[in-house]
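Subject: Structure handover

Dear colleague,

Here is the structure I said I would pass on. My notes follow below it.

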Amino acid sequence: MPETTTTPAATSVPVGSVPVSSVPVSGVPTVLEHGPYRADIAGVGATLRSLTHDGRHLVVPFGLDEVRPLYRGALLAPWPNRVVDGSWDDDGVERQLPVNEVERGHALHGLVQWADWTVDAADETDSHRASFVTQLAPSDGYPYRLELRATYELGDAGLVTTVTATNVGQGTAPYGVAPHPYLVAGEGRVDDWSLLLPAASYLEVTDDRLVPTGVHGVTERDGFDFREARAVGDLFVDHAFTEIGADAEGRATVEVVAPGGGGVAMSWAVSELPWVQVHTGDRPEPELDRLGLAVEPMTCPPDAFTSGVDLVRLAPGESHTASWTIAAIAPTA
């Protein structure tokens, strides 16, 4: 069985008097393998750079020497989705987060997606498991110190990702987390695939800035009821869904399936992640438009730092853990 592949973070090549890092643009790479599965994890953001099954892509990948585009495979913490205007009330203190969604004026997808995460040495010889650690330092907009650990593990059931956040500083820290994979069912694009999404409600947002306005039943908006699998077609979606149906073990499953029957499934415990953002990946660039369906199980909805809905609050020393699984769906015979 092959060992986990990593590139030493400290390696550098001197050019004159200036050392130049040999680390790839996406960060130190780690490769996991188990049976027909292969996962490539990038050190920047502990990002899922690619995931394949028998060579078939299950997520939209990006290159080793490429800056991660469009949050592909990123881990989103200490909040997923948007904080409207980047401003929030921290127990009576007005905080301002960096606005990185400039066109809409929001703070998007947390603070750790561009951090260099360190591979846990205990996993360096394991071919199917790796853990990554980073520490979020306090800042004006988020004055809390969190240690975050992301563990990726390949098995017969697919790729399981587990993220644990621990408040290692002072004060009670608001917290949320989500992944951001763009799922790929097979040949074609989002329009060609069917979607099973067992959610009874969705969060309506404004058309211009995607500011939340209220929760509605999926039957109240044309095309938003995917509780029975059906084709996505040209439908535009960039919304959070909730009231998610679960099986006897409390797990929800979203399935994206190509016309031939093969596809990809994503599952998680609804008690940990009661929301899921779904985005059809619409882009103005033809080569990027609707390449994959973003499925982002979340601990809380958009703008939870303002609303407080399902927001985790970590006292000093407390931890929170959430996990999700991505697996291949075999083509029908």
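Which residues does Thr253 touch, not counting residues up to four places away in sequence? They are Leu196, Pro198, Ala265, Met266 and Ser267. Please keep in mind that this is a predicted model.

Thr253 lies in strand S25, which covers residues 251–257. Its relative accessible area is 29%, so Thr253 counts as partly exposed. One of its contacts, Ser267, is also its bridge partner in S26. Strand S26 spans residues 263–269 and is joined to S25 by 7 bridges, the two running antiparallel. On the subject of Leu197, its C-alpha is 7.3 Å from that of Thr253, while 56 residues separate the two in sequence.

Both strands belong to an open sheet of 9 strands, in the order S13-S14-S15-S16-S30-S26-S25-S20-S23, with antiparallel pairing. The edges are strand S13 (118–119) and strand S23 (230–231), each of which pairs on one side only.

The six-stranded sheet

Another open sheet has 6 strands, ordered S19-S28-S27-S24-S21-S22, and its pairing is antiparallel. Strand S19 (182–183) and strand S22 (212–217) have a single partner strand each, so one side of each is left without a neighbour in the sheet. Between strand S21 (residues 199–205) and S22 there are 5 bridges, and these strands run antiparallel. Within that pairing, Glu204 has Gly214 in S22 as its bridge partner.

Rings

There are 8 aromatic pairs in the structure. In one of them, Tyr202 and Phe241, the ring centres are 6.4 Å apart and the planes stand at 45 degrees, so the pair is tilted. Tyr202 is in strand S21 and Phe241 in strand S24 (residues 238–244), so the pair ties together parts that are 39 residues apart in sequence. Are these two residues buried or exposed? Tyr202 has a relative accessible area of 3% and is therefore buried. Phe241 is buried as well, because its relative accessible area is 1%.

Ring pairs also link Trp79, Trp88, Tyr142, Tyr144 and Phe305 into a cluster.

Two arginines are placed over aromatic rings. Arg68 lies over the face of Trp114, 4.0 Å from the ring centre. For Arg230, the charged end sits over the ring of Phe226, at 3.9 Å from its centre.

Thr280

The last item is a loop residue. Thr280 is found in the loop between strand S27 (275–279) and strand S28 (293–298). With a relative accessible area of 1%, Thr280 is buried, since the cut-off for that class is under 20%. Its side chain makes a polar contact with the side chain of Arg290, at 3.5 Å. What else is Thr280 in contact with, leaving aside its neighbours within four places in sequence? Besides Arg290, the contacts are Val190, Val232, Leu235, Phe236, Val237, Gly292 and Leu293.

To set the two threonines side by side: Thr253 is in a strand and partly exposed, whereas Thr280 is in a loop and buried.

Regards

Conventions:
Residues numbered from 1 in each chain as written. Predicted model: local features only at pLDDT ≥ 70, side-chain atom pairs only at ≥ 80, totals over all residues. Heavy atoms only, no water. Helix = DSSP H or I, 4+ residues; strand = E, 2+ residues; numbered from the N terminus. Buried < 20%, exposed > 50% of the residue type's maximum accessible area, 1.4 Å probe, protein only. Contact = heavy atoms within 4.5 Å. Pairing = 2+ DSSP bridges. Phe/Tyr/Trp six-rings, centres within 6.5 Å; stacked < 30°, edge-to-face > 60°. Lys NZ or Arg CZ within 6 Å of the ring centre and 35° of its normal. Polar contact = N/O pair within 3.5 Å; in protein donor to acceptor, adjacent residues only side chain to side chain.
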